[in-house]
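Morning, everyone. I have one structure to walk through today. Let me put it on the screen.

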Amino acid sequence: MIEYRNLKIAILGAGSVGAQVASLLLEHGEELANRVGAGLEVVGIAVRDLDAPRTAEIPRELLATDARSLILGADIVIEVMGGIEPAREYLELALTSGADVITANKALLATHGPELFAIAEQVGAQLYYEAAVGGAIPIIRPLRDSLAGDRVHRILGIVNGTTNYILDRMDRDGDTLEQALAAATELGYAEADPTADIDGFDAAQKAAILASLAFHTTVAVDGVHREGIRTVTRDQVVAAQRSGFVVKLLAVCERLVDPETGRDGVSARVHPALIPAGHPLAAVHGANNAVFVEAEAAGSLMFYGAGAGGRQTASAVLGDLVSAARRHVVGGPGVAESTHADLPILPISSVSTRYQITLSVLDRPGVLAQIATLFSEHGVSVEAVQQSVVTVGGGEDEESAGATLVIGTHRATEKALAATVADLAGSPVVARVESVLRVEGL
Ligand SMILES: NC(=O)C1=CN([C@@H]2O[C@H](COP(=O)(O)OP(=O)(O)OC[C@H]3O[C@@H](n4cnc5c(N)ncnc54)[C@H](O)[C@@H]3O)[C@@H](O)[C@H]2O)C=CC1
Ligand SMILES: N[C@@H](CC=O)C(=O)O
Ligand code: NA
């Protein structure tokens, strides 16, 4: 057996992810040591309760309640406890004491990432976070390293497993949102309070991280436009199927030209969207995640797999551990986060996309023409219109009770669309604006 010097590893948190990280590291320690050229010695695992049940067996002598002492004695600190404080304080302590840091904490990175990266850069340490987006899926390293020589234009991501599971059940099993959410809760995908998933907060944090990395700028979570899936109905999902689409909660990060100033900028948004049934993202089922990247030279790439789960996420954490340990063996300062492009974050009103608008309208001559005029007044170009007439009564008594119009548009700005929808809602020929959904991936 080869004798290596030992690197001291502290793990903070032994929940779903932490317990699996510890167990896999203890099980495969020798194999990983051979890959790294140094021993990986777990010096301790910080927990709040020494006797809490764990998802994997961990030797009790490794558990400790004094996180600070563990951090100060470590070469590499793995933070898998979640939350903002004390995680932020612990990571700052770890970095300033010269340790490299690995975190799975998207909430922390989306709010305090820039200050933590600045500290890492100052002290020459490295902050790794592959597990923070897309769980086990390699996406941070591909964006940071493999695509660093290219120019990323756009990212379309399914980055929240819980909402993808819910929308998939609505699409394939005919569930309502409430039924699908109940199933997601029973399977342990959704938390008891599913707000972070359902209302798009979790996806928005991931979008902020992806946009910062892809466009080499700083996108804070407050700069991400966010709409969750609470308003998505089974009727919308069925109507989407009929017109050859599926509804997905998407994180969309784009590099674009500001229509107001003509300058380059970036935008990040999270919202339900229609995706053509033949698009690779439409085939992402259940709680899986996928990130579809469009780059200038590379073209389209898709990264797909398990976006969550303790053991799956532990794989990403351990990949980061191997990278961090190799850097310790080789020496030298950490690589700075390349967020210096300083591209402005554009508001949602500057974004252009396609829309599908469903209207209940009166069924009488001239209605279509009036509606078409309304679109053209705002510079929104209509691509296709499908009409179905709603009837009441039967046989000789059957009469029209109105019509449903499904209108697909060409690209238009959010500003123009919002003005169009406001006018549609106030038009005497429109009984109701039933649904407005953005269309992506065309
Ligand atoms: N579970 C998953 O599938 C994924 C989780 N993540 C991220 O990984 C991190 C951990 O997530 P989970 O393991 O699922 O959470 P968890 O809630 O199962 O585990 C967190 C553990 O940390 C402990 N903890 C909290 N504060 C502590 C403190 N001050 N000192 C010591 N221990 C403390 C808790 O008692 C708990 O056992 C979070 O940031 C989460 O967003 C990222 C991707 C997927
Ligand atoms: N709640 C998240 C877990 C991983 O980040 C999800 O549902 O994807
Ligand atoms: Na990942």
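Start with ligand 1. In this predicted model, 24 residues surround ligand 1. The closest are Gly13, Gly15, Gly82, Ala104 and Ala308. Which elements give two or more residues to that shell? Two helices do: H1, spanning 16–36, and H11, spanning 310–330. H1 gives the most, with three residues.

Next, Lys206. The UniProt record, an unreviewed entry, annotates Lys206 as "active site". Where is Lys206? Lys206 lies in helix H9, which runs over 201–215. Is Lys206 buried or exposed? Buried, because 29 other C-beta atoms lie within 10 Å, and the cut-off for buried is 20 or more. Now its contacts, leaving aside neighbours within four places in sequence. Lys206 is in contact with Lys106, Val133, Val159 and Ala251.

Stay with H9 a moment. His216 is in the loop between helix H9 and strand E8, which covers 224–226. Look at the backbone there. Phi of His216 is near 55°. That is a positive value in a residue other than glycine. His216 has 20 C-beta neighbours inside 10 Å, so His216 counts as buried. The threshold is 20 or more, so take that label with the count beside it.

One more backbone item. Which residues does a cis peptide bond join? Glu85 and Pro86, with omega at about 5°. Pro86 is found in the loop between strand E4, residues 76–79, and helix H3, residues 87–96.

Now the domains. The protein is divided into three parts. Domain 1 takes 6–136 plus 311–330. Domain 2 is 140–307, and domain 3 is 351–439. The centres of domain 2 and domain 3, taken over C-alpha atoms, are separated by 27 Å. Their contact takes 10 residues from domain 2 and nine residues from domain 3.

Look at the domain 2 side of that contact. Helix H10, at 234–242, and strand E10, at 264–276, are the elements that give two or more residues. How many come from E10? Six, the largest share. By class, that side has five nonpolar, four polar and one charged residues.

That's my tour. Happy to take questions.

Note on methods. Residues numbered from 1 in each chain as written. Chains lettered and ligands numbered in written order. Predicted model: local features only at pLDDT ≥ 70, side-chain atom pairs only at ≥ 80, totals over all residues. Near = placed C-beta within 6 Å. Helix = DSSP H or I, 4+ residues; strand = E, 2+ residues; numbered from the N terminus. Buried ≥ 20, exposed ≤ 12 C-beta atoms within 10 Å, placed from the backbone. UniProt positions renumbered as here; feature names shortened; annotations may be inferred. Contact = placed C-beta atoms within 7 Å. Domains from an automatic or database assignment. Nonpolar A, V, L, I, M, F, W, Y, C, P; charged D, E, K, R; others polar.
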